[in-house]
Amino acid sequence: MEALINMALLTLLAVVTVGIARQRNLFGAIILAGIYSFLMASLLVVLDAVDVAMTEASVGAGVSTVFLLAALHLARSMEQKPHHSPVLPMVVAVGVGAALFWGTVGLAPFGTPDNVIHKHVAPKYLADSLKETMVPNVVTSTLADYRGYDTLGETTVIFTAGVGVMLLLKGRRRRKAEAQSAKARSEAAQ
Amino acid sequence: MKRDLILRVIAKLTLPFMLLFALYVQFHGELGPGGGFQAGVIAAGMVILHALIFGIREAKRIAPQALVERLVPLGVLIYAGTGIVGLLTGVNFLDYSRLGPDSPHGHEYGIFAVEVGVLVTVSSTMIAIFYAFVERGR
């Protein structure tokens, strides 16, 4: 049953990806990207990664769709024809895809419990989380405590992204206002 | 969308539950799925939905722009501040073991404080980005 659900979701993911690539209308592409995120969230639920699924559904399908639509409001809604030939990007994409596919050959089979990454610190976190932090959800204790530095960095990234977007979108307007006030001042001086 | 009766009524009915769900995800993150990041995005989603349905002016009444823009760095300060409090109690940066009466309780309080920091920064950043886009679009 689980394999069937996985196959259905992965097939839909592939269909939506092709749809995004072929779509010239950016509004349609954004909605398809939202659907892609939602399918990805469902897939993560099937994989028992509920925390990640929640993030994917709220950030990927929710807020980023709204932001992309807001950005579309500032731009044209049809994708422009590229000025250069698509051969070089095609070669790069196929090359990177082939390299990634080659990389997956060396991975351990999906879901192997005695994989190397499951033998490093994960057993210690799983066994000691409740005793050491009184937090039953190991995802929370790992993110906020054992890997607190990483989450501090992540929060700083969000902060930096917000400041960057605000500077980009608000910058010109303020400069225009300053220019106007400078002009008004020079006129008043005369 | 101000005149669309169905959207207005449904939004009014669901908005309080969205905020309640955000708070649930935040304070229940120790027991179930979720945490500061998810709760922040859901809370920001509530304000954004409010702005989409009732207009940006109404949204700025419940989440004033100046306040939101000040909360963006405050969350990072709460997070880093929790780490520095750890330093002041004589252990490493971001080691919460002396924040409570004993080490496990200290870790519990530390995780709570840090998650509050994540919530503040994530929710206010999302709202601030949305406000910036709306302002630019006008």
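Q: How many residues does the largest nonpolar core have, in this predicted model?
A: A nonpolar core is taken here as a set of buried Ala, Val, Leu, Ile, Met, Phe, Trp, Tyr and Cys residues joined through C-beta atoms within 7 Å, where a residue is buried if 20 or more other C-beta atoms lie within 10 Å of its own, exposed if 12 or fewer and partly exposed in between, with C-beta atoms placed from the backbone. Those with the most contacts inside the largest core are B:V41, B:A44, B:V47, B:M126, B:I127 and B:F130. The number of residues in this core is 43.

Q: Which element gives the largest share of this core?
A: Helices (H or I, at least four residues) and strands (E, at least two) are DSSP runs, numbered from the N terminus. Two or more residues come from each of helix 3, helix 6 and helix 7 of chain A, and likewise from helix 1 (5–27), helix 2 (36–54), helix 4 (65–88) and helix 5 of chain B. The largest share, 13 residues, belongs to helix 5 of chain B.

Q: Which residue of chain A does B:A44 touch, not counting residues up to four places away in sequence?
A: Two residues are in contact if their C-beta atoms, placed from the backbone, lie within 7 Å. Under that rule B:A44 touches B:S123, B:M126 and B:I127 in chain B, and in chain A it touches A:V63.

Q: Which helix of chain A gives the most residues to the side that touches chain B?
A: In the contact between the chains, 41 residues of chain A meet 45 residues of chain B. The elements giving two or more residues to the side of chain A are helix 3 (50–74), helix 5, helix 6 (138–146) and helix 7 (148–189). With 15 residues, the one that gives the most is helix 7 of chain A.

Q: How many residues of the side of chain A that touches chain B are nonpolar?
A: Ala, Val, Leu, Ile, Met, Phe, Trp, Tyr, Cys and Pro count as nonpolar, Asp, Glu, Lys and Arg as charged, and the others, Gly among them, as polar. On this side of chain A, 13 residues are polar and 5 are charged, while the number of nonpolar residues is 23.

Q: At what angle do helix 5 of chain A and helix 5 of chain B pack?
A: Axes are lines fitted to C-alpha atoms, for helices over the stretch in contact, and angles run from 0 to 180 degrees between N-to-C directions. The axes of helix 5 (residues 122–133) of chain A and helix 5 (residues 103–137) of chain B are 6 Å apart. The contact is made by A:K131, A:E132 and A:T133 on one helix and by B:P104, B:H107, B:E108 and B:I111 on the other. The packing angle is about 95°.

Q: Is B:L94 buried or exposed?
A: B:L94 is found in the loop between helix 4 and helix 5 of chain B, and its phi is near 65°, a positive value in a residue other than glycine. Because B:L94 has 22 C-beta neighbours inside 10 Å, it counts as buried.

Q: What ipTM does the predictor give the complex?
A: Residues are numbered from 1 along each chain as its sequence is written, and chains are lettered from A and ligands numbered from 1 in the order in which they are written. This is a predicted model, in which local features need pLDDT of at least 70 and side-chain atom pairs count only at pLDDT 80 or more, whereas totals for chains, interfaces and linings use all residues. For chain B the mean pLDDT (the predictor's confidence in each residue, from 0 to 100) is 90, and 99% of its residues reach 70 or more. For the complex the pTM is 0.85 and the ipTM is 0.89.
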